[in-house]
Each structure stands twice: as structure tokens, then as C-alpha cells.
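Biologist: Could you walk me through this one, with the cut-offs spelled out as we go?

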Protein chains: 2
Amino acid sequence: MSSIFEITHKDAAGRIGKLKTPHGTVETPTVMPVINPNLQVIKPSEMRDFGAQMLITNSYIISRRDELREKALKDGLHSLLDFDGPIMTDSGSFQLSVYGDIEITNEQIIEFQKTIGSDVGVPLDIPTPPDVPRSRAESELETTIKRLIEARGMVNDEMLLAGPVQGSTYTDLREKCASTISEHKFDVYPIGAVVPLMESYRYAELVDVIVSSKKGLDPTVPVHLFGAGHPMMFALAVALGCDLFDSAAYALYAKDRRYITSKGTYHIDNLSYLPCSCPICVSHTAEEVKKADNCSDLLARHNLYVTFEEIRLIKQSIKEGNLLELVELRCRSHPRMLEALKRMYSYSDWIEKYDPASKSTFFYCGPESAQRPEVLRFSKRLERFTIKGTAVIRPFSMRTYPESDNDLIFKAPFGSFPAELSEVYPFNAEVINDTDLESLGKALENTIRLIELNPDAEFTFIKGKELEHPLFEKLEKIADVKE
Amino acid sequence: MSSIFEITHKDAAGRIGKLKTPHGTVETPTVMPVINPNLQVIKPSEMRDFGAQMLITNSYIISRRDELREKALKDGLHSLLDFDGPIMTDSGSFQLSVYGDIEITNEQIIEFQKTIGSDVGVPLDIPTPPDVPRSRAESELETTIKRLIEARGMVNDEMLLAGPVQGSTYTDLREKCASTISEHKFDVYPIGAVVPLMESYRYAELVDVIVSSKKGLDPTVPVHLFGAGHPMMFALAVALGCDLFDSAAYALYAKDRRYITSKGTYHIDNLSYLPCSCPICVSHTAEEVKKADNCSDLLARHNLYVTFEEIRLIKQSIKEGNLLELVELRCRSHPRMLEALKRMYSYSDWIEKYDPASKSTFFYCGPESAQRPEVLRFSKRLERFTIKGTAVIRPFSMRTYPESDNDLIFKAPFGSFPAELSEVYPFNAEVINDTDLESLGKALENTIRLIELNPDAEFTFIKGKELEHPLFEKLEKIADVKE
Ligand SMILES: [Mg+2]
Ligand SMILES: [Mg+2]
Ligand SMILES: [Zn+2]
Ligand SMILES: [Zn+2]
């Protein structure tokens, strides 16, 4: 267990946690606004007004510019930025990935981060992009791991040390990297080099990368999805166990006249109305923002407000146990996100290990809900139900029914379960009457398995009107199906 | 065509319009905050700050209280409320429905509304609740229509006159009422007595009531969904052609410590975080709001902000042509809303008549998207495609393919269409690779019909990997299916 990270609430593989740093404790999930040491659109000292608890900046950029470096060395990083809360520093890895070479060593940048008083330092890892040949991914990973171990040897308690997980789009390399570096006990684990996946809307592959990295990590350590700053994918990433995000997007998008929402991005010039209630949007019309001299400042502020609004909603959802409902909602914003949702549920078996067994209510949101960990958990436990004698399976909406030794209820997407469980989570689910084919199919599969597990019992299945599915043919062979 | 209502933009059966009233023009869709003449949580003069353009109050309450009545008669309604924009007045119908009897006649209340200078007056109709015996619905409707005609005879240009559509949950009565009163040319058509449906989450039946009412009305008249004030269902109602809403909810919910969002309602005491960026929510923590002496005032303000935020988002979506995407998103907030979405698309044939033929992009959001008017329109036009000789149908993701006389693309939920249309709306849709069964089924149905419509052509269907559906059996009988 991590001594600097305490998990206080859980839902799916997501959690609310407390991360202790030298400059105070932050509640996760949270986003660290990226501060460009050369150019500050919004002052670090203002960031708390938007909801920020922790910042991130770039130690390499500070080290390269004389006046920044000297002030940082003399007065410290917190004085340089005029922010007394936790500050994480990046190492120049990104610049390395863009320019191919930088003028600093891993040892030097770690030493510099320690000296200026960073709260979380990052080694000079190599952010291997997606789709490179495996040999390149492997050799760069070897270098990354060597540098991480070198850095680990240089840092004690003076700052937290991040151990980035690399491995390109090779999920086995991601998992192997994660488990290898875990032995060296880093404090925070960034998942690196995912920006190209997000930029090209490859969210399903992002899910693969997150899950494989998480599989190699101790589930109690804090995980940072490095470079992820768009609120549209926060809920998804949190549900998979990411705790920290960083956003340069708020400023970069603003510079490009783009207006962020939790459902996607607008170009301000295409907006006739401002679909937001933040202090900027309720005091300006779309036309006013477009024409304002400080348009990019206004947009950056709006972008930050909605970024932290989403974080608050996610935390609220974790506390209520309906994070998956939020993920299903957010993933309807774009077909590529919907693919990511389906990909996420292809890992339900893994999510199920972390998902609390009891919550308030399960809301059915569409065919993907049939793949939720709660449904999978029920499928796995079908052996536990021993049924003897006669059994009537009735639709959940039916109140009167023939007598039998076992009163069972059929409710998609689950299947058939003893009526006395119908008020227990997840069987108390709010579902739809006329369900989707995937959901009906899953429920019929589970029902057929239950019947097959109890070959001596005699089953009558009362079919709701208008239910049609190819699996009924199979069901009719093993049970008495009545309309 | 209505001379006081101009429709400027359309999407699905929804529209942006301009409604001319004696006190100015308002842009619809919009919400009229309900002003209680006895108790004003938020002053009418402040309402514009939240986005309100028009208010609604109750002329019966004003007429019953001496000091209000006298001031209204002496200085006028606008002076009484201190608001110089349009004000609609209700007639006491609601009080009638609650108390069974009220001390005013239809004639008196119409006269009173005219005298005090209401912008839109309402006759004393009878709001017949859902589920009453048909005989009661019919006889009350007869009285309502009689009073409406009486009122119509009393009002000229001095104020606009509303003609409420009643008929309980009998859709034929709703349609008949709408078409009967349409002959008498009212200015605004409220759909009445729907609050009980909304209070019990009977959104699918609400869809039935709206569509049947709309079917009896001229499509160019403004329609008011009377008593609807929760932003969760605005997008759905707008997509069905509602233009005006009224919200007492902002204040009533606040009094009850309830916090409105476009995804549903929270009790403030259950909130640990405020998932909103409005000026109230970014300047208070959840704890502060809970403990504030003016808690209900804070909540009422928050509730108003999010109410008008949703209206702005809906208008933006209409302008962009993605209102249906927004409806599909909003309807995932609750399984009862998901049922309403499915019900809405059961009327796709009706929606299709109003939906613009060309928009920007169609986003596939789930199995319901397969029932969108665009898909239905394509199904209806399959006869227009004449195919001769050989035809290859390839998956939309496949780039190289055998030569043939006709190059067709298979893309769910549409079906098969000539490749040259693939960049044209709606075939340029953003869809998911691994589609839902309903969507695949719809596409296969349309493909089978296309093949059957062209019996002389010779079809080869190149099947994408992992595609499984019972309809392939049928397809294999009429086309050469290759993996
Ligand atoms: Mg839940
Ligand atoms: Mg569209
Ligand atoms: Zn805003
Ligand atoms: Zn708010």
C-alpha cells in the first residue's frame, strides 16, 4: 500500500483519494493545469478559483532560460510561480520526443527538480509514440526503465518521484513496464505518450493502454494519465483507475479559439449561443466573446471552469456509486467514445475485481449496460443458486403468477433470479420495458445456464409479450415457455 | 401560417422561432419563469440576468387578492411585476383542477387578463388529468372547447390568446381537440395537463400526448408545453416541436432543497460537490449551500442558470443540425427517458416530414439511432436506386474490392448505397465499427430489400469480420456472401 495515497471512496475501478505531497494534500481525481513558465495566460495564483489544487510545469523549460533558472534556484519553484500548493514538474521528455535530442541528462534534470523544490519530479523517460515497430518500443522502454531506476536512486523524501509507464501501443509491454517499475516503488505512475491516441480519437486503444498499464501496477498507487486534459474522457479514464490529469488544453484550445465542453469541443466562431453557465458565459454573449480583444483569455477561463466542473461531477458520481452511468452518458458524445465504452466493458472481468458489490441503483443506459461488471458478477455466481422442484420464471413486471416451489424473476440484462432478491442491488436496477437485443440475449443466456445448472428442477418460463430473440428456440427445449 | 411566429431554423420537428408579442419579440425555444404574485423568490426584474425573455404569472391569483388586483387594474400587469418584457398569464385552470371549483367565470378571467395588459391570455380550460374514464375526458373537452371559442370571440389584437389542447391520455382526443380549435386561430397552443405524467416519469406517454397534439395543429404555430420546467426533458420536447416551457420548478424545487441539472435532480443534502459552473456553484461549496440561511434562494438561482443553459444548448444544436444527438444523450439520463426516446422514434415517420434533408454529420449514438428519420427516409427511397449488371457491396471500411458494374457500400444503420454517396449526408455518418444488433438488423433489412428490388442484378456481399445476425441466412439466399 502506498503511504502517500489514501483511497477514500470507490466505484468501478475508479476512486476518490488523498495524495500527500510536500506542499499539502490534494483530493483526486483532479486535473493539474499546465503552467507555461514563459507565458501565463492565467496566473497560477488564480488557479484555485477554478478548482485547481495542484499545478504542473516544465522543469526543462525553466532550466533552459537564464532568468527562470536563476530565480528558481534562488527562491524555489513555488516562489517562481507564486503558488504555495503542490507543483509537479515535467522533465523535458516531451521536448525530447519532438526534437529527438535535448541538452540535459536524466541525472541533471532530476537533480534540478529536487533543487528547485518540485513536489513531484519526473525522470527523463522516452515517450514512445503509438504504432512504432516493436523493436523500437522495446529498446526505448529499456532506456526508460534504466533512467527510472537511476532517478529512484537519487530521490528520497524531498520530493515525490513519478515512474512513467511506456510501451507504445503494445499492451504486453505496458503491463511489463508497469510491473517492472513497480518493484522500485515510485510515488506516482504516469501513463505516458497517450496524447497521439487522444488527438486522433483512438479512445478504444487508449482504454487498452490504460487497462494494460493498470494491470501491472499495485491497485493502491496513484495513476496519472499524462497529457490528458479534455473533460470528455475524464469519466472513462477515472472509471479505469486514473487519478490525475494535466491540462494544457485549456490554454492551447483557447489560443486556437476552441471552446471545451464535457461533450466535445466547439470552435467559438461556430457558436451562436454559449451552452454553459460559468461566470464568463453568463456575462457574455457568443458574439461578444468572438469579438473580444481578450477572447483567448475568456475562452481559457471558460475551459478551466468546465474542466473542474467535470471533476466535481465525477467525484459526486463515485460517492453515489453511479460513475458507470456517467461514463455511459459521456461515451455517447462521439461514436469513437462509444467504441471506447464497448472496449472498456470488454474488460469487465478486470473492473469487477474493484467494483463495490453494493451501490444504490443500477440504471440501464443501453446495450453496453448488459456488459457491466454487476451483470458479469451475477453470471459468475449462477452456480450458487440451487433450485429443486418446480420453478416459475416470471417477467419482473408481472405481479400474479402460478404457484411453484421457486419464484424467479426474469429481468434483462441480468437473467433469472430468486424473487426475494429483487430489491437487492443490482437486481433493483431501473431498466427499460422493451429492452435492447444485446440485453435480452445476455439475460436469456444466463437463464439458460441457470436451467442447465439445475437439471432436476422443472422450469416454466412466462414470456412477456413481444419478446423475440433467437435464443428462445434453445430455451424452449429446456423449459416450458408460456406467453 | 402564423403572423406572430416566424420559424428561422429547423431540426427534427424542432425549431428556433421568433414570437411577436405586444411587449416585444422573444426567441424560442424558451422557458418562462413562473412568477408567484404573492411571493417572489427572485425578482422579475432580475430574470433577464439568467436568460429569461418572457415571464408567466397567474391572473386568477392576482384577481383574488385586493391589493394585487387594484394595482394591476390601475397600473397594469407589467408595472405590478416591474418587468417590461412579455408576460403570459394563466387563468386559474390549475386551481380549478385542484379545488374542483373557482370563483370566476371564463368570461371574467379573459376580460381581466385583457384589462391588466397580459401579453398572452389563457381561457379557463379544464385540465383533464391522465387516466380518467373516456366519458369524462370527452365531456370536459367539450366544455374546454366551448370556453376557448367564447374567449376567442372576446379577444382581438390587444393580447395574444392561447388555445390549450386537452384530452387526457386519449391521443385521438388530443388530436381532435387540436384540429378543432385550430379552426378558431389561436395565437399560442399550450399542451395542457401533462404535469402528472412528468411527475410520475411517464415520459413515453408524454411523447404520445405531444405528438398527437402536434398532429392536429398547423406546424407553423407556436406550441407551449404547459407546466414543463425541468431541463432534462426540454431537448426531447423541442425535437417534437414544442417552443415554450414554463418553470415553477426552479423555485418549488429550491424550496424543497432540490438542485436541478440537465441530467436529473439531486437533493442538496446528498451533494458533496456542486457539479456546475454557475456563479453560485463556483463561489460556494456544497457544504456552504446546505448551511446557508438563503439556501433556497441560492438553489433557485442555480436552478434558473442551468435551465437557461439547456435552452442555449438546444438552440445551438438546432442551428448545427444535431438536436437528435442531444436528445439521444439526454434520454440516457434515466431508463424512463430512454423509453421515451424509443417512443419518439416510433414516430420517425412523422418527424421525417419536418426534419431537414441535409445537415452536417449524423453521429451514431446507439440502437435508437437506427430508427432516426434519416434512416427511415433512406428505407423509403430504396426504389429510386436502379441497379443493373454486377454489384459488389463492401464494408464502409474496406478500400480495395473486386471490380463490378456497381460499387456499393454497406454501412449500418443505413444499409447498402452507391459509393459515390458516401460523403453525402446522412451516409457520411460517424458510426461505430462493431455496431449494435438493432443497427445491423436495420442495415441488413434495407440491403435485402434493395436486392429484392433489383432481381436482375447480380449481388456480391463482402461481409466484414465478426458480423453475426440471423438475417444473414436470408441474405445468403439472394446474394453471394463472402467473408
Ligand atoms: Mg451504480
Ligand atoms: Mg444531425
Ligand atoms: Zn462557460
Ligand atoms: Zn450552479
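Predicted model: local features only at pLDDT ≥ 70, side-chain atom pairs only at ≥ 80, totals over all residues.

Modeller: Residues are numbered from 1 along each chain as its sequence is written, chains are lettered from A and ligands numbered from 1 in the order in which they are written, and side-chain values use heavy atoms, with hydrogens and water left out.

Biologist: How much area do chain B and chain A bury between them?

Modeller: Contact here means heavy atoms within 4.5 Å, and it takes 49 residues from chain A and 49 residues from chain B. Buried area is the accessible area (1.4 Å probe) that two parts lose on being put together, summed over both. Of that area, 56% is on carbon and sulfur atoms, and the total is about 4400 Å².

Biologist: Which residue of chain B forms a salt bridge with A:R336?

Modeller: The rule wants a side-chain nitrogen of Lys or Arg within 4 Å of a carboxyl oxygen of Asp or Glu. It finds four salt bridges across the interface of chain B and chain A. For A:R336, the closest N and O atoms are 2.9 Å apart, and the partner is B:E430.

Biologist: Which element gives the largest share of the side of chain B that touches chain A?

Modeller: Helices are DSSP runs (H or I, at least four residues), strands likewise (E, at least two), numbered from the N terminus. The elements giving two or more residues to that side are α13 (279-283), α15 (295-320), α16 (323-330), α17 (335-345) and α20 (437-453) of chain B. The largest share, nine residues, comes from α15(B).

Biologist: What is the geometry of the site of the zinc ion (ligand 3)?

Modeller: Donors are N, O and S atoms within 2.8 Å of the metal (3.2 Å for Na, K and Ca), and here they are A:C276 (SG), A:C278 (SG), A:C281 (SG) and A:H302 (ND1), at 2.1 to 2.3 Å. Their spacing in sequence is C-x1-C-x2-C-x20-H. Four donors count as tetrahedral if all angles lie between 85 and 135 degrees. With angles of 99 to 119 degrees, the site is tetrahedral.

Biologist: How many residues apart in sequence are the parts that A:R332 and A:E368 tie together?

Modeller: Their side chains meet in a salt bridge, 2.4 Å from N to O. A:R332 lies in the loop between α16 (323-330) and α17 (335-345) of chain A and A:E368 in the loop between α18 (348-352) and α19 (373-380) of chain A, so the parts tied together are 36 residues apart.

Biologist: Where is A:P29 placed?

Modeller: The peptide bond from A:T28 to A:P29 is cis, with omega near -5 degrees. The place of A:P29 is the loop between β3 (24-28) and β4 (30-35) of chain A.

Methods
Tetrahedral: all angles 85-135°; square planar, octahedral: opposite > 155°, others 65-115°.
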